Amino acid sequence: MNHTARTAVKLLAISAAALFAGIGAAGAQEPIRLGLAMPLSGQNGEYIKRYVLAGHEFAIKEQNEKGGILGRPIKLFIEDSRNDGASAVSALNKLINVDKVVAVFSIFTPVVLPMLPIAEEKKVIVLAPSVEHPDLTKSRWAVRMTPTATTNGLLIAQQARKMGLKTAATFAEDNEAIRVSVKAFVAEFEKLGGKMIGDETFKNQDTDMRGQLTKLRAARPDALYFLAPSGRPVALALKQISEVGFKPKQIFTTHLVEDREVMALGASMAEGVIYTAVATTPEFNQKFKAAYGYDSDVNAGKHFDSTNVLLQAIQKVGSEKDMTKVRDAIYNFGEYKGTIGTFRFVGSGESLVSPILKTVKDGKYVRYQP
């Protein structure tokens with residue numbers, strides 16, 4: 001081998017050594033460990049994967065592409081909490097004790113509330129951006145980024161009475177957070193002079209709701225307030241409302257009417273429905289659609305924002321080793337400009353997010369204008 005060849009081989013060896021040394025150094029950087037415990041199977045599983053899990057993964061991917069936080073990558077550990085408290089507690093314990101996460105993202109009141117005593121004991125933050133139950137933020141280790149169930153119920157009742165609707169019925173999944181919205185709606189509607197004439201519920205896994213809807217049709221309410229925790233039951237109910245010939249003057253619901261399973265039925269099924277929502281920026285929807293090939297929804301935005309709020313709090317503190325300091329950084333974050341607009345944390349896990357009213361008009365989701 002001549003001198004030139006030997007030199008080339010030597011330089012190649014040095015370059016390779018430097019490359020592998022760099023890879024080793026990067027690999028040695030311990031990731032910031034975050035957890036996610038959500039119902040990834042069952043009735044709500046596809047919705048969770050499509051919007052909620054995607055919102056977290058999207059935020060983490062963006063941050064990792066920028067170099068992570070504090071020069072370290074972010075790693076998300078995922079567990080299926082199913083849709084019951086016992087499974088949620090088991091998932092949380094695994095994330096804390098085995099995966100060593102410092103914060104956990106979750107969703108749905110029946111899943112989240114049982115987690116809180118463990119989170120408090122272990123000093124792990126539970127970020128449940130879209131959980132509306134008022135009790136969530138009684139815990140000093142919980143964070144939300146949505147109006148409460150009470151706030152949404154009051155707004156719908158007030159709108160119904162403004163429209164001159166005199167009678168109303170509710171049709172809702174039987175779970176604790178939704179019962180809070182129903183209770184607030186009923187109290188406010190009656191306080192404003194309306195009369196409640198129907199109240200039916202369904203279970204999370206129900207697919208045939210025609211019996212309950214036929215009873216409500218017979219009562220002939222002016223307004224129907226319909227609540228479910230994910231897009232699939234909303235789609236099923238709207239379809240079956242049409243099938244049984246139930247035609248209230250106005251149907252009210254939540255932002256989940258924007259789920260693509262609803263629109264897959266045909267725009268006419270949801271046309272004219274009025275619902276509570278939180279505004280999201282067009283810019284977020286554009287980049288989400290570019291990444292995933294479909295429109296985002298407000299929960300995708302909330303969960304995207306919650307990821308970034310947590311990561312920025314860790315950045316401010318300079319470490320995730322003391323999560324009490326990270327929690328306090330979130331609680332005292334002040335103003336945050338995110339995909340769901342500008343909101344504030346002022347001393348607790350309760351962000352000051354206000355709901356808006358939207359409607360389905362000509363198959364499009366638009367701000368409601370009386």
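Mentor: Two strands pair if DSSP finds at least two bridges between them. Helices (H or I, at least four residues) and strands (E, at least two) are DSSP runs, numbered from the N terminus. Here three bridges join strand β3 (residues 103-106) to strand β4 (residues 125-127), and the two run parallel. Within this pair, V104 stands opposite V126 in β4.

Trainee: On what basis are the residues numbered and the values computed?

Mentor: Residues are numbered from 1 along each chain as its sequence is written, and side-chain values use heavy atoms, with hydrogens and water left out. The model is predicted: local features need pLDDT of at least 70, side-chain atom pairs count only at pLDDT 80 or more, and totals for chains, interfaces and linings use all residues.

Trainee: In what order do the strands form the open sheet?

Mentor: The order of the five strands is β2-β1-β3-β4-β5, with parallel pairing. β2 (74-80) and β5 (142-143) stand at the edges and each has a single partner strand, so one side of each is left without a neighbour in the sheet.

Trainee: How many salt bridges does the rule count?

Mentor: A salt bridge is a side-chain nitrogen of Lys or Arg within 4 Å of a carboxyl oxygen of Asp or Glu. The count comes to 21 salt bridges. One of them links the side chains of E65 and K61, at 2.6 Å from N to O. Both E65 and K61 lie in helix α2, four residues apart, which is about one turn of the helix.

Trainee: Which domains does the assignment give?

Mentor: Domain bounds come from an automatic or database domain assignment. For this protein chain, the assignment gives domain 1 (32-147 + 281-352) and domain 2 (149-277). Their C-alpha centres lie 28 Å apart. Contact, meaning heavy atoms within 4.5 Å, takes 20 residues from domain 1 and 23 residues from domain 2.

Trainee: How much area do domain 1 and domain 2 bury between them?

Mentor: Buried area is the accessible area (1.4 Å probe) that two parts lose on being put together, summed over both. Domain 1 and domain 2 bury about 1800 Å², 49% of it on carbon and sulfur atoms. Q43, R50 and E132 supply 35% of the area that domain 1 buries against domain 2, more than any other three residues.

Trainee: How many salt bridges cross this interface?

Mentor: The rule finds two across the interface of domain 1 and domain 2. R50 also forms a salt bridge with E261, whose closest N and O atoms are 3.8 Å apart.
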